[in-house]
Amino acid sequence: MSTKSAQSDSANPSKAVFGSLQAAGLTLDLAYQGISQPEWASLFTKADQIGLKGQITELLTGGLVNTSEHRPALHTTLRDLNKNPMLYKGNDVMPAIAEVWQRMEGLCNKWVGVTDLIHIGIGGSDFGPRLAVQALAHSANKPNRGMRVHFAANVDSAELSHILERAQANSTKVLIVSKSFSTSETMMNAKTIINWFKAKNLTSSQIQNSLFAVTCNVKAAESFGIQADNIFPFWDWVGGRFSVWSAVGLPIALQYGFETFKQFLSGANAMDQHFASTPISHNLPVLLALALYHQQTKHHSKAYAVLPYAHALELLPFWLQQLDMESNGKSTDRQGKYVKTSSPIVFGSAGTNAQHSYFQLLHQGPEIIPVDFIMVKEAMSSLPEAKEHHNALLANCLAQAQALAHGKESSDPNLSYAGKRPSNLIALPKLDAYHLGALLALYEHRAFSLGALWNLNPFDQPGVELGKVLARPIEEALKGSQPNDEGFDSITSARINYLKQ
Ligand code: F6P
């Protein structure tokens, strides 16, 4: 971890010399944020007023930051390879974490001849490992077990059937990943896989040996029929969307080796240390949060775009959507009072593809939509033309940021670009496990800091429950043979009847 500060203007991060704002090997450039020195000063005052430093300490030392569920959020403990004690209800959680690391490493060494790993899980039990496995597939010189790693999240059987068409049942292992072990999509996919094994004539003991679970609800996994030795626990103090650092990240270790997984944890831990100990004016996650907060308050920005100019990070926007919007998409604050502003809407995709989609709106739409540009210095392909492609990719990234910032005047309004559209640049020297871990931790801490600025609890998600509850009777109604005539509003009833005809 390095935090350079010598050359930067600490009063005005927008004027910091490129490379002066660094943490865990990542560089943050805020030069195109368009935030003036007095505006930064008032943002720092705001951070002081809400006691942001103290709130960060609370988070990182096991304070009860998840106020509605009365528990800490200890995901940073999961990446502390130094095993510093962390107390939860009077007990150190570290020995249990270390035991799971040992079992994960043991499993990595044990698996031979596995052709297919099918990871079943949804939301936080899917986005993180899916993103990391895909991102690291592109990085050079990494060990790779060479398994096909498949992810099935959707209850739409189209996703699973596409996987099952390619997997070899006799040499397939299945990881059922669910914090609650009750999420309906995951349970249905798990049952369908068991049926597939049976249809492929696997014996019940072969099926048992093929099934693994990662969960907080060990009892439910056992009742489902998973052998105790094949269950990897994690704990209720890890939020689903913060769980990739637990055994939820097992596919990363199984595909790329436990050492790579440790690198992933250690990059995130370096960012944790930076977050814990760096003054606000140089603290990367805090600066990112303050800049976004500023654009929300000054320009009433309702959305921001995340644009990785690295195809390997194509899934980052999906992971970030859950992280930001499930954490901070709320209309009540920590005291239960209504608020008017919370998380911006998050969207994005890989550059340069994104340029041929919604960049028209970013450049000329009436709304100001802040952008996070992400670039990776090292090319990620072994094609002879890789360098040439990479130059073109990075040139586009730099040019788009410049065009958004400066715009271009024209006497024809249709051809004029207003400019003054804020963006960050986050630069990675290369996309390996360490820097990926640091990048994800950077965003986790930005979500926490933005939540603190809006006085929100980022660690619960009560808003996802209602739809789940309403789906159950509809599922029953869809199974029945009679037309549906009661229990639903007329609009939903008509839709159900259409589906049943
Ligand atoms: O979408 C709601 C949610 O509870 C997320 O918070 C969570 O990541 C996801 O469902 C999956 O939950 P589980 O890991 O319990 O299956």
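**The ligand and its pocket**

Analyst: This is a predicted model. Start with the ligand. It sits in the largest pocket. Around the ligand there are 13 residues. The closest are Ser-125, Ser-178, Ser-180, Thr-183 and Glu-326. By class, this shell divides into two nonpolar, eight polar and three charged residues.

Now look at single contacts. Ser-125 has a side-chain N or O atom 2.7 Å from an oxygen atom of the ligand. For Gln-322, an N or O atom of the side chain is 3.1 Å from an oxygen atom of the ligand. How much of the ligand does the protein bury? Taken alone, the ligand exposes 390 Å², and the protein buries 85% of that.

Rolling a probe the size of a water molecule over the atoms shows where empty space is left. In the largest pocket that space comes to about 940 Å³. The lining counts 38 residues. Those closest to the pocket centre are Ser-180, Thr-183, Val-464, Glu-465 and Lys-468.

Helix 16 gives the most, with five residues. By class, the lining of the largest pocket holds 13 nonpolar, 14 polar and eleven charged residues.

For contrast, turn to the second largest pocket. Its volume is about 330 Å³. It is lined by 16 residues. His-311, Met-380, Ser-381, His-390 and Leu-393 lie nearest its centre. Helix 14 (residues 386-406) supplies the largest share of this lining, four residues. The class count here is eight nonpolar, eight polar and no charged residues. The lining of the largest pocket, by comparison, has eleven charged residues.

Two backbone details complete the tour. Most residues other than glycine have a negative phi, and most peptide bonds are trans. One detail concerns a peptide bond. Gly-351 and Thr-352 are joined by a cis peptide bond, with omega about 10°. Thr-352 is found in the loop between strand 11 (345-348) and helix 13 (359-364). The other detail concerns phi. His-70 is a residue other than glycine, and its phi is positive, near 50°. His-70 has its place in the loop between helix 2 (52-60) and strand 3 (87-88).

To return to your request: the ligand sits in the largest pocket.

Technical notes
Residues numbered from 1 in each chain as written. Predicted model: local features only at pLDDT ≥ 70, side-chain atom pairs only at ≥ 80, totals over all residues. Heavy atoms only, no water. Near = heavy atom within 4 Å. Polar contact = N/O pair within 3.5 Å; in protein donor to acceptor, adjacent residues only side chain to side chain. Areas by Shrake-Rupley, 256 points an atom, 1.4 Å probe, with all protein chains shown as cover. 1 Å grid on protein atoms, 1.4 Å probe; cavity = no way out; pocket = protein on both sides within 12 Å on 5 of 7 lines; lining within 4 Å. Sits in = over half its atoms within 2 Å of the grid points. Nonpolar A, V, L, I, M, F, W, Y, C, P; charged D, E, K, R; others polar. Points joined across faces, edges and corners; volume = space filled by probe spheres on them. Helix = DSSP H or I, 4+ residues; strand = E, 2+ residues; numbered from the N terminus.
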